[in-house]
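Morning, everyone. I have one structure for you today, and I will keep this short. Please look at the screen.

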Amino acid sequence: GGSRSIGGTASARRGRRRGGAAASDDTSATDAAALAVAMTDQALAQMGELGVARDARTAASAITVYGRAGRLDRARDVYEESGDVADTVVGNALIAAAARAGDAVLALDTLASLGDAASIVSYNAALQALVKSDQSLDRVAHALELRRAMAEAGLAEDEASVSSLLAIFGDGPLGEELLAERSLQQQQQQQ
């Protein structure tokens, strides 16, 4: 009888530990994000004090850190402060941060600011922002516009594009049309 209660107690302790670990993991993730933001703030400030110019890689890295920590305000600031170094990679970092947060308006605005420099990565991140967005905007109309712009830019839709478009279009006629197009393309590639 004694071993059963010891086993039960150990099992209960493991359960508490697991529950505690989950709470601890959430806390440590939050702490890690806060630490990453603080370190990024410090690095950018020191660069400014030393007169070190911010390059595209630094800007994109900072935007990524801020985006992952949910600090879109800081990510947007870094993008705007980047000026001439704000290339496609920097823009893509902000679009991805906006997508992570479901901020389709910021993603679409940033995509527009890239102009001809926008890549398939840019468009896919903007589409993902539309998928995740709960902002009041016509997601289907924006997705159709992005699709048109991609075609005009000569950018072929890939699996990420199609997945996002299907999530936006749903089971309706647009989704069915997209699936039919993909099926036809795949048949043509096999010939």
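Let's start with R147. This residue sits in helix α7, which covers residues 139-152. Keep in mind that we are looking at a predicted model.

Is R147 buried or exposed? It is buried, because its relative accessible area is 15%, and the cut-off for buried is under 20%.

Which residues does R147 touch, leaving aside those up to four places away in sequence? There are E157, L165, L178 and E181. Take E157 from that list. The side chains of R147 and E157 are joined by a polar contact of 2.5 Å.

Now to another helix. Find α4, residues 88-101, and in it A97. A97 has a relative accessible area of 4%, so A97 is buried.

What does A97 touch, again not counting residues up to four places away in sequence? The answer is I63, G67 and L72. Look also at G70. Along the sequence, A97 and G70 are 27 residues apart. In space, the distance between their C-alpha atoms is 8.0 Å.

Next, the helix partners of α4. I have two of them to show.

Begin with α6, residues 120-132. The axes of α4 and α6 come within 8 Å and cross at roughly 15°. Angles under 35 degrees count as roughly parallel, so α4 is roughly parallel to α6. The crossing of these two helices is left-handed.

Who meets whom? From α4 we have T88, N92, I95, A96, A99 and R100. Across from them, α6 brings V121, S122, A125, A126, Q128, A129 and K132. Sort the residues of this α4 and α6 contact by type, and you get seven nonpolar, four polar and two charged.

The other partner is α5, residues 104-114. Here the axes of α4 and α5 are 8 Å apart, and the angle is about 165°. Angles over 145 degrees count as roughly antiparallel, so α4 and α5 are roughly antiparallel to each other. α4 passes α5 in a left-handed crossing.

On the α4 side, the contact uses T88, G91, N92, L94, I95 and A98. On the α5 side, the residues are L106, A107, T110, L111 and L114. How do the residues of the α4 and α5 contact divide? Seven are nonpolar, four are polar and none is charged.

To recap on α4: roughly parallel to α6, roughly antiparallel to α5. That's my part. Questions, please.

Note on methods
Residues numbered from 1 in each chain as written. Predicted model: local features only at pLDDT ≥ 70, side-chain atom pairs only at ≥ 80, totals over all residues. Heavy atoms only, no water. Helix = DSSP H or I, 4+ residues; strand = E, 2+ residues; numbered from the N terminus. Buried < 20%, exposed > 50% of the residue type's maximum accessible area, 1.4 Å probe, protein only. Contact = heavy atoms within 4.5 Å. Polar contact = N/O pair within 3.5 Å; in protein donor to acceptor, adjacent residues only side chain to side chain. Axes fitted to C-alpha atoms, helices over the stretch in contact; angles between N-to-C directions. Parallel < 35°, antiparallel > 145°, perpendicular 65-115°, else oblique. Left-handed = near helix turned anticlockwise from the far one by under 90°. Nonpolar A, V, L, I, M, F, W, Y, C, P; charged D, E, K, R; others polar.
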